Amino acid sequence: MECQLTIALTEQKKEKPASDKLGFGVHFTDHMFVMDYTEGKGWHDPQIVPYSPLTIDPAAMVFHYGQAVFEGLKAYRNKAGEVRLFRPDQNFKRLNRSLARLDMPAVDEAFMIEALKKLVSVEKEWIPTEEGTSLYIRPFVIATEPCFGVRASHTYKLLILLSPVGAYYAAGMKPVKIYVENSYVRAVRGGTGNAKVAGNYAGSLKAQTEAHEKGYEQVLWLDAIETKYIEEVGSMNVFFKVNGEVWTPVLNGSILEGITRDSTIQLLKSWGIPVVEKRIAMEDLFQAYNDGVLEEAFGTGTAAVISPVGEMSWNGHKMVINQSQTGEMTQKLYDTMTGIQYGVLEDKLGWSVKV
Ligand code: COI
């Protein structure tokens, strides 16, 4: 990228929330990153500016045809004051894959990492240091051209917002209850399921609300063709420890390619635990449960980190996993992953990037 990042700092600093009252994604820092795209000109005018509302034409295509993609990553600050990002290169690679899927223009990944580091250092004082807290980073791109024609927009805006967060689930590291969804589906091969597009989440909300009403935190999606094979949970990928080995759904084009998912697989393999990526029929998982060999279940995601699953409901069957307690391997994964993220454990795989 030939253009320079400009920085305009605000004098009007907001009050920072107490670290035990963060919640998830409800507080926003003093500044944000903004960059525009115009066809024929490319991405231009990257800026760090005071956080403020946007002025967008109501005919902007994002409001009508949903050309919107996003990413999620975190910055971690340890007690020594060091700030780290976790595998940010993977987020910008995936952002480009999502952009390509919605016929939107690619960004320069190396430039974006540098711009993000700058934004995070400007907002360093916003990064909480208490255990389980971090600064959630939300890059996103929207179509801004005012036009009702159904085609790709000729102009876009990319923003990065920062939000100090606690645990994604209100209950913290407590095992979550998930509802296996049999009627609604999330994504189908050839669709947008493996891209991080806003519409995937919009389409999931109705099922999630209904699951909440039944007392479950999240929905577990099955494949859209046979509603038989496990895909992913609303905000995370899923893993099951069965008889000493770990199963996770194989990436099939409709499952989100989670960076925490990939990191989890690499960590487990480095510990000598067999990981099997395969199509997992819900029926087979239920059989494993009845045979007493479903030992642990957990989800992985940037927001969710490693979240134990304590209960599943499928077709009227209730499955209580590991007596609704966090399993030993799940806990070890959480401790190792967060230890690397905060820079308190050795980063043998070179995932942690200092800001
Ligand atoms: C994340 O884990 O970063 C996600 O994007 C999941 C959810 C908060 C949308």
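Okay, let me start with a cut-off: a residue is called buried if 20 or more other C-beta atoms lie within 10 Å of its own, exposed if 12 or fewer, and partly exposed in between. Keep in mind too that this is a predicted model.

You'll find Thr227 in the loop between strand E10 (218-222) and strand E11 (230-233). As background, most residues other than glycine have a negative phi.

Ser324 is another one to look at. Its phi is positive, about 60°, and again the residue is not a glycine. Ser324 sits in the loop between strand E17 (317-320) and helix H8 (328-341). With 14 C-beta neighbours inside 10 Å, Ser324 counts as partly exposed.

H8 has 14 residues and spans 20 Å from its first C-alpha to its last, close to the 20 Å you'd expect at 1.5 Å a residue. Which residues of H8 are buried? Those are Thr330, Leu333, Met337, Ile340 and Gln341. Looking down the axis of H8, the buried residues fall within an arc of 105°, so they line one face of the helix. Just after H8 comes Gly343, with a positive phi of about 75°.

Now over to helix H3 (residues 109-122), which also has its buried side. H3 has 14 residues and reaches 20 Å from first C-alpha to last, close to the expected 20 Å. Its buried residues are Met112, Ala115, Leu116, Leu119 and Val120. They cover an arc of only 135° around the axis, which puts them on the same side of H3.

Ser121 and Lys13 are 108 residues apart in sequence, but 15 Å apart in space, C-alpha to C-alpha. Lys13 lies in the loop between strand E1 (6-7) and strand E2 (31-38), and it is partly exposed, with 13 other C-beta atoms within 10 Å.

Let's zoom out to the domains. Where they meet, 18 residues of domain 1 are in contact with ten residues of domain 2. Which elements give two or more residues to the domain 1 side? Strand E4 (68-70), strand E5 (73-77) and helix H2 (88-101) do. H2 gives the most, with six residues. By class, that side of domain 1 has seven nonpolar, five polar and six charged residues.

Last stop, the ligand. What surrounds the ligand? Gly72, Ser235, Gly301, Thr302, Ala303 and Ala304 do. That shell has two nonpolar, four polar and no charged residues.

How values were computed
Residues numbered from 1 in each chain as written. Predicted model: local features only at pLDDT ≥ 70, side-chain atom pairs only at ≥ 80, totals over all residues. Near = placed C-beta within 6 Å. Nonpolar A, V, L, I, M, F, W, Y, C, P; charged D, E, K, R; others polar. Helix = DSSP H or I, 4+ residues; strand = E, 2+ residues; numbered from the N terminus. Expected span 1.5 Å × (residues − 1). Arc of directions from axis to C-beta. Contact = placed C-beta atoms within 7 Å.
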